[in-house]
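Subject: The structure we talked about

Hi there,

Here is the structure I promised to pass on. Have a look at it first, and then read on for my notes.

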Amino acid sequence: MEVHSLETNSSVPPPLISAPRTQKARGIAALAQFQAAHLVPPFQVYPADRVLPEQLIGYFSRPCPMRPRHGFVDSRTISNVEDGQDLIRRTLDADPEAEIVTMPLVKAAYSGIWTRGSLTVGMGHDGATCGTSAWSIPALGNLVSDFTMGEAGVQDTPYVEVLWPKDDSGYRLVQLRDGPELPQTADFIPGRMKVERVIVAYGDLLAWEEEMQDAETGTVVYHPNGSLASHYAIHAVLNCVPLLISREPQVGEWLEPKGEAPRGSDIEALRAGFHLALSLKVTYEEAAHVMLAGCHHLSVWTGKHDDLLGLALGFAYRLTIAAALGEMRHVPDSGRDRDEIECRDDVYDACWNAMRAPATRSSYEAALRDFHGLIWKRGYGGAKWFYFARWAALLHNHLVTGEAELALQTLNQLVHCAHNNGWAFNKFVPNEMLTQTARNPISTLILCGPLLYRVHRFVDQRRLNLSQRFLHHAAPIRIPVGEPNFEVIDEEEREDDWSERRSCDVPLARRKSRSLRRGVRVRTSALRRFSTAEDIPF
């Protein structure tokens, strides 16, 4: 029996004995060989006319037609011989030259489809492809290389299927298929027409394919909770059948093709996302991913996904405060012994879950004053840290005063700011992530797709309430005026006043002054009483 096998557990997968023939099977092999072997589950490719039902049992089995057809015979997990026989029969009836790809079942919390210009996310293993809970967001960059697409046999537009497992082990790439290029709009209206018949997108995909091919002029598809990346939508696009997602079409109305007019930022949505970000239960890395993804998608999210931009603003603000208070452990002229210095991670942990606490705000404003006015040892704190920490305060104040566009401009300045020893956020994620995101924004967006999906659904129902809560608690942060003090203490001066850095400090760290030590410690204790981190209640 002819079997094409590729195990992808190792970092360097073995070569294929014989390359798969169908485009979908070629796409999976190309992802594993040329894109990212560790992201593709182990798989095998069988000719449908030669595979035995027993070989499919226990695997998620994906029928692959010779000609790319979105949907085709539904993929599923085979539990017994009868299931395997049925899948093989249906596959051969639809395409005698088809292949079947088997993979271990990935228990996915979320699924996604990436194609040029958009990322669609849905709940469960097929929420994105079936359109049952799909939500799309503009996505810039390419998830796969041109070389990989060529090896996969993609001739038009790539569609990459993504799964995010329930165990939070990182996303998986499980399919690369060919398809038509999608318009970058919420609906698909190819030309002016009068609505004469409305059909809802659901049911068997093979039957749907025929229905779209035979659709008469005047037919319009309504796809509630769907997306332009779903199988149903793709068949409508291929056959130039208008499809509406944003609203239900009415018989007798006229549809007009038009692009979406630019919209200004929604200050309520920005405030709502920001307010949620201050207490959301996330890691430093997750917050940094959202911050970077939001910053580098400003051009396509503004006016459409302001709740997510608000989330990026809030995470940037939260990370900045944590970094600034961590640096404040080492204010110059310290009189403490070396063992009295707190570990930076302890300071981060104390303030991270208490961003709304008055003690956090007080400590932050004190940090701004000390970065601005004190004389710091060379390479620590001082003017550069003042400018860095000030951007977050300005961002916050613009939201308080309702200056949405200025808040977004400030986010860009903050993300690309530097402190004395490099990129300002390199304490949370590597320097390379900033460069990588700037070159290919989807590379970071794909890491936080499920989080953005959950936040969007949560804020969409509570936007006004969250915005009002932000205004209730917010007041402009006091920022020192004038040029900061650029005077520094050289390395050789007053060396006895400085102890060796703690092993937990990466990079260099310094101590707080004796005058500030008591106040900071009182505030840190207070922060622990204000631990308010929360998760989205889904």
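Let me start with a cut-off: a residue is called buried when its relative accessible area is under 20%, exposed when it is over 50%, and partly exposed in between. Asp370 has a relative accessibility of 12%, so it counts as buried. Please keep in mind that this is a predicted model.

While we are at Asp370, this residue is found in helix H12, which covers residues 358-373. Trp385 comes 15 residues away from Asp370 along the chain, and the C-alpha atoms of the two are separated by 9.8 Å.

That tryptophan also belongs to a group of rings. Ring pairs link Trp385 with Phe371, Trp376, Phe388, Trp423 and Phe425 into a cluster.

**Other aromatic rings**

How many aromatic pairs does the structure hold? The count is 17. One of them is formed by Phe34 and Phe147, an edge-to-face pair with 5.2 Å from centre to centre and 90° between the planes. Phe34 sits in helix H1 (residues 23-35) and Phe147 in helix H4 (residues 146-151), so this pair ties together parts that are 113 residues apart in sequence. Phe34 has a relative accessible area of 37%, so it is partly exposed.

Another pair is made by Tyr348 and Phe428: the ring centres are 5.3 Å apart and the planes meet at 35°, so the pair counts as tilted. Here Tyr348 belongs to helix H11 (residues 344-352), while Phe428 is in the loop between strand E18 (422-423) and helix H15 (431-439), so the parts tied together are 80 residues apart in sequence. Are these two residues, Tyr348 and Phe428, buried or exposed? Both are buried.

Two arginines are worth a look as well. Arg192 lies over the face of Trp254, 4.2 Å from the ring centre. Arg390 lies over the face of Trp391, and there the distance to the ring centre is 5.8 Å.

Which strands does E5 pair with? Strand E2 (residues 43-47) runs antiparallel to E5 and is joined to it by 4 bridges. Within that pairing, Val45 has Val101 of E5 as its bridge partner. Strand E3 (residues 60-64) also pairs with E5 in the antiparallel sense, over 5 bridges. In this case Phe60 has Met103 of E5 as its bridge partner.

E3 has 5 of its 5 residues buried, so this strand is largely enclosed by the rest of the structure. Both of its faces are covered: Phe60, Arg62 and Cys64 are buried on one side, and Ser61 and Pro63 are buried on the other. E3 pairs with strand E4 (residues 76-77) too, in the antiparallel sense and over 2 bridges. Phe60 turns up again here, standing opposite Thr77 in E4.

**A parallel sheet**

Strand E13 (residues 219-222) is joined to E14 by 2 bridges, with the two running parallel. The bridge partner of Val221 in E14 is Leu243.

**Cysteines**

A disulfide is a covalent bond between the sulfur atoms of two cysteines. How many disulfides does the structure hold? The number is 0.

Best wishes

Conventions. Residues numbered from 1 in each chain as written. Predicted model: local features only at pLDDT ≥ 70, side-chain atom pairs only at ≥ 80, totals over all residues. Heavy atoms only, no water. Disulfide = S-S within 2.5 Å. Phe/Tyr/Trp six-rings, centres within 6.5 Å; stacked < 30°, edge-to-face > 60°. Buried < 20%, exposed > 50% of the residue type's maximum accessible area, 1.4 Å probe, protein only. Lys NZ or Arg CZ within 6 Å of the ring centre and 35° of its normal. Pairing = 2+ DSSP bridges.
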